[in-house]
Amino acid sequence: MTANPSENGSAEAGSALEEFADRVAGAVGGRAEVAHGTAKVRVTPSAWKDALTVTSGELGLVFLSWLSAIDWTNDVAVGNEPDEPVEERYELLCAVSDLSDGNLVMISTDLDHDSPSIESVADVYPGANWHEREAAEMFGIDFVGHPDLTKLYLPDSFEGYPLRKDFPLLSREVKPWPGKVDVEDMPENGAGPSTENPNR
């Protein structure tokens, strides 16, 4: 049986993405992953700046569109704890791409949960300057060598890091996050939505 053209196209695109991820991983000394149509390359914290220097130079991925973090923690101040225990850390992510073929890769590294610190890449990708300031302000990550880690949003007297999961969001103690609580049961097999007018 032959696959239809759209299946062939998807398989070719997936293969090309895996090849691209492997090529980036080989160049920066990382580990490639492809999930949900996105190439991701994991590197050690000590290789972070060198990896992004390689992507911006010899790989031609000159555009940094996004840099931020994920707080992987088991102890949350508000809301539900993770369904399964996680390895506690901050995952730092940076999306870089070229300007011609649409190749994009997420460079990722894990930072210590108690004292997150990493070399700044603002001198490699000038666009990282603002993103690193935001991540420092919201997560408490220290970007060593950044020219000016002043706050962007919060007053200087503000204490804490609002995007950390241990930060007490008082508004969410009053009203829980939507999505986890506002889930309706799926209809039984064969039972569709009601066509009866509720206003009769």
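**Aromatic pairs and the nonpolar core**

Tyr90 and Phe139 are both buried. The model is predicted. The rings of these two residues have centres 6.3 Å apart and planes at 75°. An angle over 60 degrees counts as edge-to-face, so that is the class of the Tyr90 and Phe139 pair. The pair also bridges distant parts of the chain. Tyr90 sits in strand β4, Phe139 in helix α3, and 49 residues separate them.

Helix α3 takes part in another pair as well, through Trp130. Its partner is Tyr153, in the loop between β7 (142-144) and α4 (170-174), 23 residues apart. Here the ring centres lie 6.4 Å apart and the planes stand at 85°, so this pair is edge-to-face too. What is the accessibility of Trp130? Trp130 has 39% relative accessibility, so it counts as partly exposed. Tyr153, at 43% relative accessible area, is partly exposed. In total, the structure holds three aromatic pairs.

Now turn to the core. The largest nonpolar core has 36 residues. Trp48, Leu92, Val96, Val105 and Ile107 have the most contacts inside it. Which elements each supply at least two residues of this core? They are α1 (5-28), β2 (38-42), α2 (48-56), β3 (63-72), β4 (89-97), β5 (104-111) and α3 (128-139). Helix α1 gives the largest share, six residues.

Key
Residues numbered from 1 in each chain as written. Predicted model: local features only at pLDDT ≥ 70, side-chain atom pairs only at ≥ 80, totals over all residues. Heavy atoms only, no water. Core = buried A, V, L, I, M, F, W, Y, C linked by side-chain atoms within 4.5 Å. Buried < 20%, exposed > 50% of the residue type's maximum accessible area, 1.4 Å probe, protein only. Helix = DSSP H or I, 4+ residues; strand = E, 2+ residues; numbered from the N terminus. Phe/Tyr/Trp six-rings, centres within 6.5 Å; stacked < 30°, edge-to-face > 60°.
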